[in-house]
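Reader: Could you take me through this model, beginning with the overall fold and then the charged side chains?

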Amino acid sequence: MGGQLGRLRDEFNHSTDITGAASGEMGSGDVAGALGNFASDWSKKRDTLTKSLDTLAKTATECADAWDGLDGHLAQAIEKAFSSSSQGAKG
């Protein structure tokens, strides 16, 4: 999940400015102006979104790492408990 969120963040970071690609095809100054306003606002929001995605990706990765560590410790404890109880039953 952390990797997927990181890739999504990268896609937002590397997305192009839509006004430059479509500026010659607007036909109307009003439409071009509205698109420019949208793109400017989107650029600001995209920065906020990419920062949030970065934080979420890091948090998801840290949670997965912590879970893996906990799972490994619990498995070791269970194996040790079963080993000790089976040795006690033999003796």
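Author: What follows covers the fold, the salt bridges and the surface patches.

Author: This is a predicted model, in which local features need pLDDT of at least 70, side-chain atom pairs count only at pLDDT 80 or more, and totals for chains, interfaces and linings use all residues. Residues are numbered from 1 along each chain as its sequence is written, and side-chain values use heavy atoms, with hydrogens and water left out.

Reader: How many helices and strands does the protein chain have?

Author: The protein chain has 3 helices and 0 strands, in the order α-α-α along the sequence. Helices (H or I, at least four residues) and strands (E, at least two) are DSSP runs, numbered from the N terminus.

Reader: What share of the residues is buried?

Author: Of the 91 residues in the protein chain, 13% are buried. Buried means under 20% relative accessible area, exposed over 50%, and partly exposed in between (1.4 Å probe, protein chains only).

Reader: And what is the accessible surface of the chain?

Author: It comes to about 7000 Å², and carbon and sulfur atoms hold 58% of that. Accessible areas come from the Shrake-Rupley method with a 1.4 Å probe; for residues, only the protein chains shown count as cover.

Reader: Which share of the contacts with a separation of 6 or more joins residues 24 or more positions apart?

Author: Such pairs account for 66% of those contacts, where contact means heavy atoms within 4.5 Å.

Reader: Turning to charges, how many salt bridges does the structure hold?

Author: The structure holds 3 salt bridges. A salt bridge is a side-chain nitrogen of Lys or Arg within 4 Å of a carboxyl oxygen of Asp or Glu.

Reader: Where does Arg 9 lie, and is it buried or exposed?

Author: Arg 9 lies in helix H1, which covers residues 2-13, and is buried at a relative accessible area of 18%. Leaving aside residues up to four places away in sequence, Arg 9 touches Thr 50, Leu 53 and Asp 54.

Reader: With which residue does Arg 9 form a salt bridge at 2.6 Å?

Author: The partner is Asp 54, with 2.6 Å between the closest N and O atoms. Because Arg 9 lies in helix H1 and Asp 54 in helix H3, this pair ties together parts that are 45 residues apart in sequence. Asp 54 is partly exposed, with a relative accessible area of 22%.

Reader: What about Asp 10?

Author: Asp 10 also meets Arg 9 in a salt bridge, at 3.1 Å from N to O. Asp 10 counts as partly exposed at 30% relative accessibility.

Reader: And where does Lys 58 come in?

Author: Lys 58 and Asp 54 form a salt bridge at 3.3 Å, N to O. The two residues are 4 apart in helix H3, so about one helical turn separates them. Shared partners join Arg 9, Asp 10, Asp 54 and Lys 58 into one network of salt bridges.

Reader: A change of topic: which residues make the nonpolar surface patch?

Author: Trp 67, Leu 70, Leu 74, Ile 78 and Phe 82 make that patch, of about 580 Å². Patches are made of residues with over 30% relative accessible area and no salt bridge: like charges are joined within 9 Å, and nonpolar side chains (Val, Leu, Ile, Met, Phe, Trp, Tyr) within 5 Å. Leu 74 belongs to helix H3 and is partly exposed, with a relative accessible area of 48%.

Reader: Which residues gather in the patch of negative charge?

Author: Glu 62, Asp 65, Asp 68 and Asp 71 gather there on the surface. Lys and Arg count as positive and Asp and Glu as negative, while His and the chain ends are not counted; the place of a charge is NZ of Lys, CZ of Arg, CG of Asp or CD of Glu. Asp 65 is in helix H3, residues 29-90.
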